[in-house]
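Please open the model in your viewer and keep the selection tool at hand. This tour tells you what to select at each stop and what you will find there.

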Amino acid sequence: MKGSSLQYLTKEGFRNVWVNRLMSLASVTVLMACLVIIGLGSMLYFNINALLSTVERQNVIMVYVDSSATEEQTAQLGDTIKALDNIAECTFVPKEDAFQEQLEKWGEDTAAIAEGLDENPLPDAYRVVVEDLSEFSTTVDKLNSLNYVDTVRENSDIADKLIDIRYAVTIAAAGIVGLLFLVSLFIISNTIRITMFSRRLEISIMKAVGATNWFIRWPFMIEGVVLGVISSLVSFAVLAGLYRGMVYVFGDLLAIFTPVSFLGYAGYIMLIFLGIGVFTGSFGSLISIGKYLKEQGSVVNED
(Lines give C-alpha, C1' and ligand atoms only; values in the text may rest on other atoms or scores of the structure.)
Protein backbone atom coordinates (compact mmCIF):
# COMPACT_ATOMS: atom_id res chain seq x y z
CA MET A 1 0.00 0.00 0.00
CA LYS A 2 1.12 3.55 -0.71
CA GLY A 3 1.65 6.07 2.06
CA SER A 4 -1.44 8.06 1.16
CA SER A 5 -3.59 4.92 1.12
CA LEU A 6 -2.19 3.80 4.46
CA GLN A 7 -2.92 7.21 5.98
CA TYR A 8 -6.48 7.15 4.64
CA LEU A 9 -7.14 3.64 5.92
CA THR A 10 -5.69 4.50 9.32
CA LYS A 11 -8.04 7.47 9.58
CA GLU A 12 -10.90 5.16 8.61
CA GLY A 13 -9.98 2.87 11.49
CA PHE A 14 -10.18 5.77 13.97
CA ARG A 15 -13.43 6.96 12.37
CA ASN A 16 -14.97 3.50 12.71
CA VAL A 17 -14.46 3.67 16.47
CA TRP A 18 -16.60 6.81 16.64
CA VAL A 19 -19.16 5.75 14.01
CA ASN A 20 -19.75 2.48 15.89
CA ARG A 21 -19.41 4.16 19.28
CA LEU A 22 -22.06 2.09 21.04
CA MET A 23 -20.34 -1.15 20.08
CA SER A 24 -16.98 0.46 20.85
CA LEU A 25 -18.21 1.49 24.30
CA ALA A 26 -19.51 -2.02 24.97
CA SER A 27 -16.20 -3.53 23.85
CA VAL A 28 -14.14 -1.13 25.94
CA THR A 29 -16.32 -1.78 28.99
CA VAL A 30 -16.12 -5.57 28.79
CA LEU A 31 -12.42 -5.59 27.91
CA MET A 32 -11.78 -3.12 30.72
CA ALA A 33 -13.50 -5.48 33.16
CA CYS A 34 -11.24 -8.32 32.02
CA LEU A 35 -8.11 -6.19 32.33
CA VAL A 36 -9.08 -4.88 35.77
CA ILE A 37 -9.63 -8.45 36.98
CA ILE A 38 -6.24 -9.40 35.52
CA GLY A 39 -4.71 -6.40 37.28
CA LEU A 40 -6.33 -7.21 40.62
CA GLY A 41 -5.23 -10.82 40.27
CA SER A 42 -1.69 -9.65 39.51
CA MET A 43 -1.60 -7.35 42.53
CA LEU A 44 -2.96 -10.17 44.70
CA TYR A 45 -0.18 -12.41 43.38
CA PHE A 46 2.46 -9.76 44.10
CA ASN A 47 1.14 -9.37 47.65
CA ILE A 48 1.03 -13.13 48.28
CA ASN A 49 4.52 -13.44 46.85
CA ALA A 50 5.76 -10.64 49.14
CA LEU A 51 4.06 -12.26 52.13
CA LEU A 52 5.65 -15.62 51.32
CA SER A 53 9.03 -13.92 51.01
CA THR A 54 8.53 -12.42 54.47
CA VAL A 55 7.65 -15.83 55.90
CA GLU A 56 10.61 -17.37 54.10
CA ARG A 57 12.97 -14.88 55.74
CA GLN A 58 11.60 -15.98 59.11
CA ASN A 59 12.28 -19.64 58.33
CA VAL A 60 15.85 -19.46 59.60
CA ILE A 61 18.48 -22.15 59.99
CA MET A 62 20.39 -22.20 63.27
CA VAL A 63 23.95 -23.46 62.93
CA TYR A 64 25.42 -24.28 66.36
CA VAL A 65 29.18 -24.07 66.75
CA ASP A 66 31.11 -26.95 68.29
CA SER A 67 31.99 -26.11 71.91
CA SER A 68 35.62 -27.03 71.30
CA ALA A 69 36.03 -24.40 68.57
CA THR A 70 38.20 -21.39 69.34
CA GLU A 71 37.15 -17.80 68.65
CA GLU A 72 39.25 -17.81 65.50
CA GLN A 73 37.70 -21.06 64.29
CA THR A 74 34.23 -19.74 65.08
CA ALA A 75 34.88 -16.60 63.04
CA GLN A 76 36.30 -18.75 60.22
CA LEU A 77 33.10 -20.82 60.22
CA GLY A 78 31.05 -17.64 59.80
CA ASP A 79 33.14 -16.57 56.80
CA THR A 80 32.73 -20.03 55.26
CA ILE A 81 28.94 -19.93 55.68
CA LYS A 82 28.72 -16.48 54.09
CA ALA A 83 30.73 -17.73 51.11
CA LEU A 84 28.26 -20.56 50.39
CA ASP A 85 25.73 -20.27 47.59
CA ASN A 86 22.10 -19.49 48.44
CA ILE A 87 22.92 -17.62 51.67
CA ALA A 88 20.97 -14.38 52.04
CA GLU A 89 21.93 -13.54 55.63
CA CYS A 90 24.35 -14.96 58.19
CA THR A 91 24.27 -13.42 61.67
CA PHE A 92 26.46 -14.44 64.56
CA VAL A 93 24.57 -15.13 67.83
CA PRO A 94 26.91 -15.19 70.87
CA LYS A 95 25.97 -17.73 73.48
CA GLU A 96 25.61 -14.95 76.07
CA ASP A 97 22.96 -13.20 73.99
CA ALA A 98 21.17 -16.47 73.28
CA PHE A 99 21.13 -17.33 77.00
CA GLN A 100 19.78 -13.90 77.94
CA GLU A 101 17.06 -14.21 75.30
CA GLN A 102 16.12 -17.61 76.66
CA LEU A 103 15.90 -16.28 80.21
CA GLU A 104 13.52 -13.56 79.05
CA LYS A 105 11.30 -16.23 77.48
CA TRP A 106 11.20 -18.18 80.73
CA GLY A 107 9.84 -15.12 82.54
CA GLU A 108 9.10 -15.54 86.26
CA ASP A 109 10.97 -18.83 86.47
CA THR A 110 14.19 -17.17 85.32
CA ALA A 111 15.79 -16.78 88.76
CA ALA A 112 15.19 -20.39 89.84
CA ILE A 113 16.44 -21.78 86.54
CA ALA A 114 19.50 -19.53 86.45
CA GLU A 115 20.49 -20.54 90.00
CA GLY A 116 20.45 -24.18 89.01
CA LEU A 117 22.96 -23.66 86.22
CA ASP A 118 26.70 -23.51 86.89
CA GLU A 119 27.46 -22.02 83.46
CA ASN A 120 25.87 -21.02 80.20
CA PRO A 121 24.79 -24.31 78.52
CA LEU A 122 24.18 -22.75 75.12
CA PRO A 123 26.78 -22.73 72.33
CA ASP A 124 27.62 -19.90 69.96
CA ALA A 125 25.52 -20.03 66.82
CA TYR A 126 24.89 -18.51 63.41
CA ARG A 127 21.41 -17.52 62.27
CA VAL A 128 21.22 -18.25 58.54
CA VAL A 129 18.56 -17.18 56.02
CA VAL A 130 18.54 -18.76 52.56
CA GLU A 131 17.73 -16.98 49.29
CA ASP A 132 15.98 -19.80 47.44
CA LEU A 133 13.84 -22.24 49.43
CA SER A 134 13.93 -24.77 46.59
CA GLU A 135 17.62 -25.25 47.48
CA PHE A 136 16.87 -25.47 51.20
CA SER A 137 17.79 -29.14 51.69
CA THR A 138 20.98 -28.80 49.65
CA THR A 139 22.03 -25.77 51.71
CA VAL A 140 21.37 -27.63 54.98
CA ASP A 141 23.52 -30.55 53.79
CA LYS A 142 26.37 -28.14 52.99
CA LEU A 143 26.09 -26.55 56.43
CA ASN A 144 26.17 -29.93 58.13
CA SER A 145 29.37 -30.83 56.29
CA LEU A 146 31.33 -27.78 57.51
CA ASN A 147 34.08 -27.98 60.11
CA TYR A 148 33.38 -26.78 63.67
CA VAL A 149 29.61 -27.35 63.26
CA ASP A 150 27.98 -29.18 66.15
CA THR A 151 24.35 -29.35 65.00
CA VAL A 152 22.05 -27.65 62.51
CA ARG A 153 18.47 -26.87 63.48
CA GLU A 154 16.09 -26.38 60.57
CA ASN A 155 12.46 -26.92 59.58
CA SER A 156 12.40 -28.44 56.11
CA ASP A 157 8.65 -29.21 56.39
CA ILE A 158 7.78 -25.51 56.50
CA ALA A 159 10.17 -24.83 53.61
CA ASP A 160 8.52 -27.53 51.49
CA LYS A 161 5.04 -26.18 52.28
CA LEU A 162 6.06 -22.64 51.34
CA ILE A 163 7.45 -23.90 48.03
CA ASP A 164 4.19 -25.74 47.32
CA ILE A 165 2.12 -22.66 48.18
CA ARG A 166 4.23 -20.41 45.94
CA TYR A 167 3.96 -22.90 43.08
CA ALA A 168 0.18 -23.22 43.48
CA VAL A 169 -0.29 -19.43 43.58
CA THR A 170 1.85 -19.01 40.45
CA ILE A 171 -0.09 -21.67 38.52
CA ALA A 172 -3.47 -20.25 39.61
CA ALA A 173 -2.47 -16.69 38.68
CA ALA A 174 -1.15 -17.80 35.28
CA GLY A 175 -4.35 -19.76 34.63
CA ILE A 176 -6.62 -16.82 35.49
CA VAL A 177 -4.59 -14.40 33.37
CA GLY A 178 -4.57 -16.85 30.45
CA LEU A 179 -8.32 -17.41 30.66
CA LEU A 180 -9.12 -13.70 30.79
CA PHE A 181 -6.72 -13.09 27.92
CA LEU A 182 -8.71 -15.52 25.77
CA VAL A 183 -11.94 -13.82 26.85
CA SER A 184 -10.50 -10.45 25.82
CA LEU A 185 -9.49 -11.84 22.43
CA PHE A 186 -12.97 -13.29 21.94
CA ILE A 187 -14.61 -9.96 22.82
CA ILE A 188 -12.52 -7.92 20.39
CA SER A 189 -12.94 -10.52 17.62
CA ASN A 190 -16.71 -10.50 17.91
CA THR A 191 -16.89 -6.71 18.10
CA ILE A 192 -14.93 -6.38 14.86
CA ARG A 193 -17.01 -9.13 13.29
CA ILE A 194 -20.24 -7.27 14.09
CA THR A 195 -18.75 -4.11 12.62
CA MET A 196 -17.83 -6.00 9.45
CA PHE A 197 -21.32 -7.41 9.16
CA SER A 198 -22.81 -3.91 9.32
CA ARG A 199 -20.47 -2.88 6.50
CA ARG A 200 -20.76 -6.04 4.39
CA LEU A 201 -21.98 -4.16 1.30
CA GLU A 202 -19.05 -1.74 1.44
CA ILE A 203 -16.61 -4.63 1.78
CA SER A 204 -18.22 -6.43 -1.14
CA ILE A 205 -17.90 -3.34 -3.37
CA MET A 206 -14.25 -2.89 -2.38
CA LYS A 207 -13.55 -6.50 -3.29
CA ALA A 208 -15.42 -6.10 -6.59
CA VAL A 209 -13.25 -3.17 -7.67
CA GLY A 210 -10.05 -5.04 -6.89
CA ALA A 211 -9.16 -4.02 -3.33
CA THR A 212 -6.62 -6.34 -1.74
CA ASN A 213 -7.38 -8.20 1.48
CA TRP A 214 -4.87 -6.05 3.38
CA PHE A 215 -6.54 -2.90 2.08
CA ILE A 216 -9.76 -4.13 3.68
CA ARG A 217 -8.11 -5.51 6.83
CA TRP A 218 -6.15 -2.42 7.82
CA PRO A 219 -9.00 -0.14 9.07
CA PHE A 220 -10.48 -2.97 11.13
CA MET A 221 -7.09 -3.78 12.62
CA ILE A 222 -6.56 -0.11 13.53
CA GLU A 223 -10.03 -0.05 15.08
CA GLY A 224 -9.17 -3.09 17.21
CA VAL A 225 -5.86 -1.58 18.33
CA VAL A 226 -7.55 1.72 19.27
CA LEU A 227 -10.17 -0.13 21.32
CA GLY A 228 -7.41 -2.13 23.02
CA VAL A 229 -5.34 0.96 23.88
CA ILE A 230 -8.38 2.86 25.22
CA SER A 231 -9.34 -0.15 27.33
CA SER A 232 -5.76 -0.39 28.66
CA LEU A 233 -5.57 3.24 29.74
CA VAL A 234 -9.02 3.26 31.35
CA SER A 235 -8.34 -0.08 33.06
CA PHE A 236 -5.05 1.19 34.49
CA ALA A 237 -6.75 4.22 36.03
CA VAL A 238 -9.61 2.12 37.44
CA LEU A 239 -7.19 -0.48 38.85
CA ALA A 240 -5.06 2.19 40.56
CA GLY A 241 -8.15 3.63 42.26
CA LEU A 242 -9.55 0.25 43.26
CA TYR A 243 -6.28 -1.02 44.70
CA ARG A 244 -5.66 2.09 46.76
CA GLY A 245 -9.24 1.98 47.99
CA MET A 246 -8.94 -1.67 48.99
CA VAL A 247 -5.67 -1.03 50.84
CA TYR A 248 -7.31 1.85 52.71
CA VAL A 249 -10.47 -0.10 53.60
CA PHE A 250 -8.70 -3.28 54.66
CA GLY A 251 -5.68 -1.50 56.16
CA ASP A 252 -6.61 -2.43 59.73
CA LEU A 253 -6.85 -6.11 58.79
CA LEU A 254 -3.40 -5.98 57.19
CA ALA A 255 -1.58 -4.78 60.31
CA ILE A 256 0.72 -7.80 60.27
CA PHE A 257 1.66 -7.27 56.63
CA THR A 258 2.35 -4.14 54.60
CA PRO A 259 0.77 -4.41 51.12
CA VAL A 260 3.06 -3.81 48.18
CA SER A 261 3.00 -0.35 46.64
CA PHE A 262 1.01 0.00 43.42
CA LEU A 263 3.57 2.49 42.11
CA GLY A 264 6.26 -0.17 42.39
CA TYR A 265 4.46 -2.30 39.80
CA ALA A 266 2.66 0.44 37.85
CA GLY A 267 5.11 0.34 34.93
CA TYR A 268 4.88 -3.43 34.55
CA ILE A 269 1.08 -3.40 34.75
CA MET A 270 0.80 -0.57 32.21
CA LEU A 271 3.03 -2.50 29.78
CA ILE A 272 1.03 -5.68 30.33
CA PHE A 273 -2.27 -3.87 29.77
CA LEU A 274 -1.01 -2.19 26.61
CA GLY A 275 0.46 -5.46 25.37
CA ILE A 276 -2.80 -7.35 25.93
CA GLY A 277 -4.87 -4.49 24.49
CA VAL A 278 -2.78 -4.05 21.33
CA PHE A 279 -2.36 -7.77 20.74
CA THR A 280 -6.00 -8.71 21.28
CA GLY A 281 -7.10 -5.73 19.20
CA SER A 282 -4.85 -6.38 16.21
CA PHE A 283 -4.86 -10.18 16.32
CA GLY A 284 -8.59 -10.38 17.06
CA SER A 285 -9.29 -8.12 14.09
CA LEU A 286 -7.09 -10.16 11.79
CA ILE A 287 -8.83 -13.37 12.83
CA SER A 288 -12.31 -11.90 12.30
CA ILE A 289 -11.69 -10.17 8.98
CA GLY A 290 -9.68 -13.12 7.67
CA LYS A 291 -12.46 -15.54 8.48
CA TYR A 292 -15.09 -13.18 7.09
CA LEU A 293 -13.28 -12.64 3.78
CA LYS A 294 -12.70 -16.37 3.44
CA GLU A 295 -16.36 -17.17 4.04
CA GLN A 296 -17.96 -14.29 2.12
CA GLY A 297 -15.49 -13.53 -0.64
CA SER A 298 -16.95 -10.78 -2.81
CA VAL A 299 -20.54 -11.95 -2.58
CA VAL A 300 -22.79 -10.48 0.11
CA ASN A 301 -26.32 -11.60 0.75
CA GLU A 302 -28.52 -8.55 1.28
CA ASP A 303 -31.43 -10.48 2.83
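Select M246, which counts as partly exposed because its relative accessibility is 40%, where partly exposed is the class between buried, under 20% relative accessible area, and exposed, over 50%, found with a 1.4 Å probe and protein chains only. Before you go on, note that this is a predicted model, in which local features need pLDDT of at least 70 and side-chain atom pairs count only at pLDDT 80 or more, while totals for chains, interfaces and linings use all residues. Residues are numbered from 1 along each chain as its sequence is written, and side-chain values use heavy atoms, with hydrogens and water left out.

M246 is found in helix α9, residues 213-249; helices (H or I, at least four residues) and strands (E, at least two) are DSSP runs numbered from the N terminus.

**Second stop: aromatic pairs**

How many aromatic pairs does the structure hold? There are five, counting rings of Phe, Tyr and Trp (its six-membered ring) whose centres lie within 6.5 Å, with planes under 30 degrees apart called stacked, over 60 edge-to-face and the rest tilted. Select F46 and Y265, whose ring centres are 4.1 Å apart and whose planes meet at 10°, so the pair is stacked. F46 lies in helix α2 (residues 21-58) and Y265 in helix α10 (residues 262-296), so the pair ties together parts that are 219 residues apart in sequence. F46 is buried at 19% relative accessible area, whereas Y265, at 25%, is partly exposed.

Next, select F92 and Y126, a tilted aromatic pair with 5.1 Å from centre to centre and 50° between the planes. F92 belongs to strand β2 (residues 87-93) and Y126 to strand β3 (residues 125-130), so this pair ties together parts 34 residues apart in sequence.
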